[in-house]
Amino acid sequence: MTVLEMRDVSKAYGQGAGRVEALRQVDLTVGAGGMVAVMGPSGSGKSTLLTIAGSLEEASTGEVLIDGAPLSRMSRNDKARLRRRMVGYVFQDFNLLPGLTVAENVALPLELDGVGARAARAAAREALDGLRLADRASRYPSQLSGGERQRVAIARAVVGDRRLLLADEPSGALDSVNAEAVMRLIHEACKRGMAAVVVTHDAQLASWADRVVFLRDGHVVDQTAPLPGPESLLTPGQTS
Amino acid sequence: MSTALRERPAPAGAPGHGGVPARRAVIRWAWRLLRREWRQQLLVLALVTVAVAATIVGAAVATNTPPPASAGFGTAGDAATFQAPDPHLASQIAALRHRFGRLDVIENQAAAIPGSIATFDLRAQNPHGPFGQPMLSLVSGHYPERPGQVAVTSGVAATFRLKIGDLWRQAGTPRRVVGIVQNPQSLADEFALVVPGQVTVPTQVTVLFDAPGVIPSSIGPNVQTPHPAASGNVLNPQTIVLALATVGMLLIALVGIGGFTVLAQRRVQSLGLLAAQGATDKHVRLVVRANGALVGILGAVTGFVLGLAAWLAYRPTVESDAHHLIGAFQLPWTVIGVALALAVVATYAAASRPARSIARVPIVAALSGRPAPPKQVRRSALPGLVLLGGAAVLFAYSGMSNGNGSGSLELVLGLVALIAAVILLAPACLALLARLGGRAPIAVRLALRDLARYRARSGSALAAISLGVLIAVLVSVLSAQRFGNVLDYAGPNLASDQLIVYTPNGQGGGPGNGPNGPSGPVTGSKLAPMAKAAHDIASALGSHDIVQLESASASLQHAASGRTWNGQVYVATPQLLRAFGITASQVSPGADILSMRPGLSGITKMQLLFDPKASPGVGVGPGTGNGPGGNGPGGPDSFPCPKNQCLANPVIQEVSALPSGTSAPNTVITEHAISTLGLRAGISADGWLIQTPNPPTAGQITSARLTAASAGLTIETRNSIPTSSEIINWATVFGIVLALGILAMTIGLIRSETSGDLRTLAATGASSWTRRALTAATAGALGLAGAVLGTVAAYAAAIGYAWNNKLESLSELSSVPTSSLLLILIGMPLAAAVAGWLLAGREPAALGHQPME
């Protein structure tokens, strides 16, 4: 089942001589349980693709559908609700809210959606437990390591049974061990049925994905299945 | 195609915006942010705290200083006062008892204090009476319980050196002192309390009773009801304090806009993240607004506690000054409640504008931490100008009714329109500044353009500065206008080292004597002992500088509408002129009047009223004027008046050496006029002006008063009315300090937004000189624009008020407080620029991007 569908999406910034085409006629489809890695040089439109897919920005032309619903027909509030209920974000620089504890950060999308504080906190603890962060629940983000913060950000992105996870360089600020751990977590989320789009410039990490999309100057220049990645080593039957 | 999403079902009862749980989560986060970043909000917090505390103390003092409305009534609704002895007194009291039931009868007998003109009351009152209990309280001992016992006030005890247990023989009657008492509603009330029936010859009897629903005048002309000061008068202490608190909170809100804008900018990344997590625009706005409201609540609570503590500490002083006891929590709670609410509303409103702006920042831009580029707002100055004109018209309507008590509504509406006009005109002024600075050096040009670009915060700062200047200039201009009126002269009565001893002919008159009192004018043999007493008083004060003040049967009159002549016209005796260093050659031979009132010689339609047949001590004055007498011919419309009683257009010579006090001989009639008009026979001695080497102390004044009273004289010393220059100086200092304070608080906020530009400038080779020049130009330009806008608005209000005003005419605005205006218009911007230059050595920290965890 298709979770994210981008049809002929283009995005331009500015006008006249200052006009910049960030995305040009991009088509992308991600099904439930699928994990797509987006690669490309700086300025190729990777982050723009992600922000448009997540309704943070509007496409100049083309159509984006999440779970079959076109974003262009949604109001700002509808998009906000969509982000609360269906789309989870993971940013390179973690972007946890200072002043909220780990549990409160994770519970935030649920509380914003009207879930009572107690229930939201319980769901958050469950998500944190899954990421082996339950003992960090009452700490503040400033008291965590980089890897822990990113795991918390993933917990926030998956809490509440979201269907689409968008990650922009989720391992960009992490060392290789933590980077691998983060990708593993995203991969596990996909195994549970989430669709994921991960922007990365690291081919090693991209190998966790089912499919790699290459962008250059806003165009999709190539789509390919990645080489067997490290996860294949863990899968019986594919080790030979 | 349907847009329905197969998404997680919404929680039961949760609306599209997440309902209460979402709001609670957002407010919780705002509170945590406030706790984390309270230092950045200290400015607004401190302003709110101080404003609330000042409002509480100010309101408490203003409302508790006047005597309580129930003073003299106890708990009664009505009081009948009878002067005794009165043969019908008993029957009148019986009639009241028959009609209204319960009564409380208080009998007073005035008793003299030996060696003093002061008196005290021998009072018969039941301490447990039905109505009079609040008028009595026991300090120590007990109330008198039977004849032969007395309780005295501490003043009486001190005067007669009494203590509890003493036997006091008062007017031949021995009584045992059993207690010290006081009248909580009037601590200046000195009396000796005895049991009812012990005052044998009452001089005054007060009957307290309740007559609900009965018009007092229908009971009798001597019946009164308590009359609260606030009732019937819109401009009472409570409304004045509330108005001041409102203006103060408005200033805070204007300053707060800048603070909250910077704060929102610092949090732009976090707010972007919140939106990315599914927060709606409403949620994002709520974060900033909740922060504002929380700052207001915190400031209000802190200010309330501080204000209450300050009031409790200051209360004894107020009680002493106001001469009545004040309950610790006898506070105008309505005013305080409104002030607390205003504090929260002000900060909430101040945060609302940045909240709206920050919610409009695109999520991706917010997430990147890039501050939103300033929106080019092209607002017309027309609404501001229209409001300014409207305010002037409203003030004109208010001024038209000056003197008859109406016009308050127009005044209030005018003030509101004026404030709104200043707020609306402030951004336009910044745009104008930027345009004017088009050819200025780069640093100044850049500073002016930045002010215009970032109007969200610089506009509100400018409005706050302008309002501060407006208040100062308005006070200065109106003071100069009022004090500049040479006819109805205002200001202190005397210099602090001057004292006037009046004969019964004089302004004050003696005890029991007016100019036409029963004992007649003071002449010849009566004058000698009085003169001796006056000289004794002067000697006691260490002065030999004593001048006899004489008056003729003459007074000045201005035969036109507006303010009338006010003041005594003394005779310019050679002794008086010599005392002030005025030689005969300095006096023009044809001058009728000498005056130090500047501009009096240029007033048209002046006339000198006189009565050559009058006896000494009989005043002459205009029929409707404020002259010293009241039996003169003509009125303000009759010009010229009859020649045998009036000299039209007398020759007035201005002599600045004469003293300036309103009671001092600031205007004198010359020997020439006395001779020409034949007023010699009517000259009388009004008193003596004593010039002391040092201002007399309170003890010396009391002693002088007692000496004067014993000789049938009265004295007048310096009153507490400030001079025009004192008022203007204080207003100027207030305006400048307020403006500089606002500048100090906001200039950092304004420049912080352009810190990125500063770094760019530094990278392109700009030195610290440029950085200093930028800040100095920003501060100076804001100061100058605020000074000009505030002054223009103040003059618009003043001109409007004087436009059709019968008392304060437009021409009186020619009394310009020049030095005050120069200080405000030039000194303040200059000081701001210099301070900006000196304090701008360090590059401000980047504020646009605050890293998140």
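The following legends describe close-up views of a predicted model. Local features are given where pLDDT is at least 70, side-chain atom pairs count only at pLDDT 80 or more, and totals for chains, interfaces and linings use all residues. Residues are numbered from 1 along each chain as its sequence is written, and chains are lettered from A in the order in which they are written.

**View 1. The contact between chain A and chain B.** Chain A contributes 39 residues and chain B 34 residues, two residues being in contact if their C-beta atoms, placed from the backbone, lie within 7 Å. On the side of chain B, at least two residues each come from H1 (19-36), H7 (268-276), H8 (281-322) and H10 (363-367); helices are DSSP runs of H or I of at least four residues, and strands are runs of E of at least two, numbered from the N terminus. H1(B) gives the most, with nine residues.

**View 2. Helix H3 of chain B.** Why do the end C-alpha atoms of this helix lie 16 Å apart? At 1.5 Å a residue, the 12 residues of H3(B) (89-100) should span 16 Å, which agrees; the expected span is 1.5 Å times one less than the number of residues. After H3(B) comes B:Gly101, with a positive phi near 85°.

**View 3. An open sheet of chain B.** Three strands follow the order S13-S16-S17, with antiparallel pairing; two strands pair if DSSP finds at least two bridges between them. S13 (554-558) and S17 (646-648) of chain B are the edge strands, each pairing on one side only. Between S16(B) (606-610) and S17(B) there are three bridges, and B:Gln607 has B:Ala648 in S17(B) as its bridge partner.
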